[in-house]
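Let's take a walk through this one together, starting inside one chain and ending up where the chains meet. Have the viewer open as you read.

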Protein chains: 2
Amino acid sequence: MRAGFAGSLSPVSAEPAVATNLFADRLAEAVERKRSQLLVGLDPRPDLLPVELVGDVQVDRPAAAEGCARFCRGIVDSVAPHVVGVKPQLAFFEALGADGMRALEEVCAYARAAGLLVLADAKRGDIGSTARAYAAAYLEPRGEEPPLADAMTVNVYLGRDSLEPFLAACRRHGTGLFCVVKTSNEGGADVQDLVLSDGRLLWHHVARFVHELGEELVGGRGLSNIGAVVGATHPRAVGEARRLMPQSIMLLPGVGAQGASPADLARAFTSGPASALVNASRSVLYAFRSSGEDWRTAAALEAARLRREVWAVSGW
Amino acid sequence: MRAGFAGSLSPVSAEPAVATNLFADRLAEAVERKRSQLLVGLDPRPDLLPVELVGDVQVDRPAAAEGCARFCRGIVDSVAPHVVGVKPQLAFFEALGADGMRALEEVCAYARAAGLLVLADAKRGDIGSTARAYAAAYLEPRGEEPPLADAMTVNVYLGRDSLEPFLAACRRHGTGLFCVVKTSNEGGADVQDLVLSDGRLLWHHVARFVHELGEELVGGRGLSNIGAVVGATHPRAVGEARRLMPQSIMLLPGVGAQGASPADLARAFTSGPASALVNASRSVLYAFRSSGEDWRTAAALEAARLRREVWAVSGW
């Protein structure tokens, strides 16, 4: 812990070491070994916890955070055989304040110990020293501890130089990025589908921009450490995104509770078995609420079912 | 604390109460009373702290977070007579993990107790239940505690429905938003300056979108609770932004360490004395590093100087 902790926010070293163990390669290895392209999103909500964990969460924020941490650890145990990673959604932890962030740290460490990759769904985007601080928070070793996450999501509205500190972290530590390109919500069209003067949609431009960012960080399987979030509620968008970003790993939310079907996704996988990841959050976490089974069993069954369905659709 | 804590992430109530005490009005009152349009950004970096606070920060993260909290509290004390609020930059707190988030909570409460408004610089942007969780984290009461912040910054790339939960929080609790429209970094042009098929720049479109969002939340002084971040490093942009968003409070970073001069800013203030806020972070926080004075004195002097300069430029 002692070595240069306070220096973790210092400007990028002039001679960065280049990581050899890229996120894209670690992911590809995990996908092939487990025959799974599934992530489970960790979106813990105190008001939706199983009854056995609800006990104390009404009391105060520390109790709510502990209830959420226990729930997430149980989910990790249940889904670990079926998924390659978890995607903690930071908002749900931040909503519980500092106690929630402590829970996030515990859950990330627990998932890593279970052999899972951790994708921090943060969608951060800022400039200069602020972007460096975000990269330090999530993608760089913290003292002698490993990075909190193996990869994180970022927003590109602030342009290339706002992404450079994240790219620098990826180069040095082998961590990965998923840039928000096309989202699964209806309102995503308000900005992302604007037509540019050259006739392209804005998100097509952003997709090429992300492709170019990722060209310097392509691993041994031909996949880049710089991936893209592409809403799976737009089946045509998935194919267009693949054409524009042939080397990017696509993170596909919108399956399950948001409504897309695995059949919509096939085109995402044409660049290899690990070239896309399907994320399911509520449909796995809260499966017990409709199935009536034990929450761990319900999550495991739903994760196993989705994993098989996605693997079949992927054609690998 | 007991009442319905776990329900804070529940969907928006069908019949929201409408707040009467709008952020825009509270801000306008503070600006006129203090004759100040200055914010100080709280960007605490363990490696830049004054020597008297550096002592323990090398040891571990809790010590670094405590050093940063002490620094921020000292800055709040020093600048409180000269500023209307502080703008904690969440990245620097997140970089210190859960301990940093605890420090953030302390510093926000301390600033509020000192009579300052708190603008959380978060630049969050996500969809559906995730956006609701972010709004709950920063813009809504937490149990019996007040909201962490009076206003926060958000990213609009995910469109109208991604902003709706934040707008709902503003309606119910009188809190405010600052939408990122045009940023102060060079790379901001990569996306924000793209030319649309109708000949407008993308950020001009976003500015109108933000103006329209804010029309329903205009306070007694004619200013909306929905403001905009406009980089002060683009002097022409400031005037264009004012024309496109006549009722929005403009949050202007880029003064001081990032290089814009107060004279660049005059056009922002044409909608009233509180129609723009100038933020200075490093130039105030770390003034002691060049002046050689006590860090509190140096911050107070620089804040007082900037406050006078901005007030003069504003023409009020």
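A quick word on terms before we start: an axis here is a line fitted to C-alpha atoms, taken for helices over the stretch in contact, and angles run from 0 to 180 degrees between N-to-C directions. Keep in mind, too, that this is a predicted model.

With that in hand, look at chain A and find helix α6 (residues 128–138) and helix α7 (residues 160–173). Their axes sit 8 Å apart, and the two helices pack at an angle of about 35°. As for handedness, α6(A) and α7(A) make a right-handed crossing. Which residues do the touching? On the α6(A) side you'll find A:Gly128, A:Ala131, A:Arg132, A:Tyr134 and A:Ala135, and they meet A:Ser162, A:Pro165, A:Phe166 and A:Ala169 of α7(A). Sorted by class, that contact comes out as six nonpolar residues, two polar and one charged.

Staying in chain A, have a look at A:Glu94 and A:Arg124, whose side chains form a salt bridge with N and O 2.9 Å apart. A:Glu94 belongs to helix α4 (residues 90–94) and A:Arg124 to strand β3 (residues 117–124), so this pair ties together parts that are 30 residues apart in sequence. Over all chains, the structure holds 50 salt bridges.

Now zoom out to where chain A and chain B meet. How many residues does each chain bring to the contact? Chain A gives 76 residues and chain B gives 76 residues. About 6300 Å² is buried between the two chains, with carbon and sulfur atoms giving 56% of that area.

Eight salt bridges are found across the interface, including one between A:Lys123 and B:Asp126, where the closest N and O atoms are 2.8 Å apart. On the side of chain B that touches chain A, the largest share, seven residues, comes from helix α6 (residues 128–139) of chain B. That side divides into 35 nonpolar, 20 polar and 21 charged residues.

Note on methods. Residues numbered from 1 in each chain as written. Chains lettered and ligands numbered in written order. Predicted model: local features only at pLDDT ≥ 70, side-chain atom pairs only at ≥ 80, totals over all residues. Heavy atoms only, no water. Contact = heavy atoms within 4.5 Å. Buried area = accessible area lost by both parts, 1.4 Å probe. Salt bridge = Lys/Arg side-chain N within 4 Å of Asp/Glu carboxyl O. Helix = DSSP H or I, 4+ residues; strand = E, 2+ residues; numbered from the N terminus. Nonpolar A, V, L, I, M, F, W, Y, C, P; charged D, E, K, R; others polar. Left-handed = near helix turned anticlockwise from the far one by under 90°.
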